[in-house]
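Here are my notes for you to read alongside the model. Keep the viewer open and follow the points in order.

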Amino acid sequence: MAMEQKHSLNRRSFIQTGALAAVAAGGMSCASAGNSKSVSILNQKPEMKYRRLGDTDIHLSVISMGGLVMEEPVHHYAIDHGVNLVHISTSYINGQAIQKLGNVLKTRRGEVYVALKDNFAVGEFAPEKLDEVLSILNTDYVDFFMFNRHKQDEGRDPKIREIFEKYKETGKVRYAGLTSHGEVKETIGAGIQSGMFDLVNPVLNQPSLDVMGPELEAAREAKIGVMAMKTMKGIEGIDLEVAYLKKVLSNPAVTTVVKGIGDFERFDRYLAACNELLTSAEDTALTRHAQANRTANCMMCDECRKACPDHVEVSTVLRCKDYYYEQMGDKLTALDTYGGIPVERLGNEACRDCAECEKVCPNGIDIVNRLTAAHSLFAQLA
């Protein structure tokens, strides 16, 4: 069972309406800073916090739902408590997640914005395929069409603007977004500089947060929203998760954190954290955890792939094993993603005599041994 689902679904928690934590002094306001005018916020609830998306009239809940965990009752519960953004891809849980979200949207579409990753048609204009996805989602349009790109040149590819404009003309997409978990710093930075996107979706786990500082500030200055993903990658335990959520949201550039949440108790803890400030004890605990786990936590910078003479997809292989399979407990996505990597990009015994990847890894990860472990695991699972 996935880490997010270790706490059982609790109907009592689903129907309870107990008091939530008071808003912390100096915490986030429902409207953007400095805006004293009344604003209309989709699905606004007093217990949730909202941040303005750039210079649009959209305010997003600081917690958004998505990823590899999709429990329909928890999504309903989250929407009941003010979540107004859901993120989905046709690839999650081998296509099961989008089916479940479609069930939710049958009755909740008017309460949420929808962000859809373009895994069904990467690099091409495919209106018929989009129509198929929209049918599954029980909607006529999506608010954010997320271009899934993982290299610097791809992040500023002018073809993206061309494809987006075609989709926008159909009336079935509203805003363009960029998601990346490869060469994240460079790809997201290029996307911000391109001016093509209203929302960027970078990996912001512990090793990435400081490294991405300049890009986050650039997004803020350019009035581009930031939807942080894979924030809890490598973090163990709900207390540290809650602390790190507070830390990520303490950065004013971050608009929302997208998270797969599989139980009511975890959602309640996250929701309460939105109304609390990071304490010094929590910050210390996070620092100690980061230091202790530095050599085990890939931040998907892809320096390893760039240094590899065979361009092995190191970060993708490790993501399949460490994140999809071990942390999220999603065997289907792990196997599907791993199986999609060309054989010549998986790495082999020759890696032991090379190890150029390990020389450039900023976190000092034992890459070769971890690649070998991944190959052994997926060979058994296949």
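1. Is the crossing of α10 and α11 left-handed or right-handed? The crossing of α10 and α11 is right-handed (the near helix is turned clockwise from the far one by less than a right angle).

2. A quick word on ground rules. This is a predicted model, where local features need pLDDT of at least 70 and side-chain atom pairs count only at pLDDT 80 or more, while totals for chains, interfaces and linings use all residues. Residues are numbered from 1 along each chain as its sequence is written, and side-chain values use heavy atoms, with hydrogens and water left out.

3. Back to that helix pair. α10 and α11 (residues 264-273) have axes 9 Å apart and pack at about 35° (axes are lines fitted to C-alpha atoms, for helices over the stretch in contact, and angles run from 0 to 180 degrees between N-to-C directions). From α10, I238, D239, E241, V242, L245 and K246 meet R266, R269, Y270 and A273 of α11 (contact means heavy atoms within 4.5 Å).

4. Now look at α2 (residues 72-80) and α3 (residues 96-108): their axes come within 9 Å and cross at roughly 40°. This crossing is right-handed. On the α2 side you'll find E72, H75, H76, I79 and D80, and they meet K100, L101, N103, V104, T107 and R108 in α3.

5. Next, the barrel. Eight strands close it in the order β3-β4-β5-β6-β7-β8-β9-β10, with parallel pairing (two strands pair if DSSP finds at least two bridges between them). From one strand to the next, the twist averages 25°. Zoom in on β8 (residues 199-202) and β9 (residues 225-228), which pair in the parallel sense over two bridges; V200 has V226 in β9 as its bridge partner. Helix α6 (residues 158-169) lies across β6 and β7, at about 145° to β7.

6. Where does E183 sit? E183 is in the loop between β7 and α7 (184-194). Its relative accessible area is 8%, so E183 is buried (buried means under 20%, with a 1.4 Å probe and protein chains only). Leaving out residues up to four places away in sequence, E183 touches several others, including H150, K151, D302 and R305.

Methods: Helices (H or I, at least four residues) and strands (E, at least two) are DSSP runs, numbered from the N terminus. Buried means under 20% relative accessible area, exposed over 50%, partly exposed in between (1.4 Å probe, protein chains only).
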